[in-house]
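Student: Please take a close look at the aromatic residues in this structure and at the packing that surrounds them.

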Amino acid sequence: SKLVWGMENRGIAAVIFSGRHEYLTDSLSMFFEQSWYSVIFGIHKSIIFGFGVKPMVEMDWADILIWYGVLGLFFVFVYIASVLSYLLKAKNMTIVIFYLLVLGISSITGHVLISALSAMVIPLVLSIQYRYINRVQSIS
């Protein structure tokens, strides 16, 4: 089968990441060879084409790092941490698990946090959670 062939010939990383780990290695080495300004603020996708690497690693955290720099990735992590902190205070573990699964999937497969269509699910679920928390607090 294709899975067995992939494990034997390319290794487990190639099977899990579908070759994205190779894009990641190339893109990160290109990214960190840039000026300090580009590392802090990121590199525009159109400029990345000139370096001969794929403009999307297809792992959300890596794409955010390359496009928006260390500063952009920091702000995204602060946002994620603040939402996670809020959800943990609400003590609804179903939503916490959903949120962590979405973040985990986005870090491996990509196209979750940076895709307008698929990222719509996250704010919808969070808004439902917000209404639920407010309703529970108003009852008690």
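Tutor: Trp36, Tyr37 and Phe41 form one aromatic cluster. Rings of Phe, Tyr and Trp (its six-membered ring) pair if their centres lie within 6.5 Å; planes under 30 degrees apart count as stacked, over 60 as edge-to-face and the rest as tilted. The model is predicted, so local features need pLDDT of at least 70 and side-chain atom pairs count only at pLDDT 80 or more, whereas totals for chains, interfaces and linings use all residues. Residues are numbered from 1 along each chain as its sequence is written, and side-chain values use heavy atoms, with hydrogens and water left out.

Across the whole structure, a search finds four aromatic pairs. One of them joins Phe31 and Phe32 in an edge-to-face arrangement, 5.0 Å centre to centre with 75° between the planes. Phe31 is buried, at a relative accessible area of 0%, while Phe32 is partly exposed at 49%; buried means under 20% relative accessible area, exposed over 50% and partly exposed in between (1.4 Å probe, protein chains only). Another pair, Tyr37 with Phe41, is tilted, with 4.9 Å between centres and 50° between planes. These two residues are four apart in helix H4 (residues 36-41), and therefore Tyr37 and Phe41 are separated by about one helical turn. Helices (H or I, at least four residues) are DSSP runs numbered from the N terminus. Phe41 is partly exposed, its relative accessible area being 41%.

Phe31 also belongs to the largest nonpolar core, which has 16 residues; Leu24, Phe31, Ile48, Val57 and Ile66 touch the most other members. Such a core is a set of buried Ala, Val, Leu, Ile, Met, Phe, Trp, Tyr and Cys residues joined through side-chain atoms within 4.5 Å. H3 and H6 each supply at least two residues of this core, and H6 gives the most, with six. Not counting residues up to four places away in sequence, Ile48 touches Met30, Ile43, Val53, Lys54, Pro55, Ile66 and Trp67, where contact means heavy atoms within 4.5 Å.

Ser27 lies in helix H3 (residues 20-32) and is buried, at 2% relative accessibility. Leaving aside neighbours within four places in sequence, Ser27 is in contact with Val53, Lys54, Val57 and Ile66.
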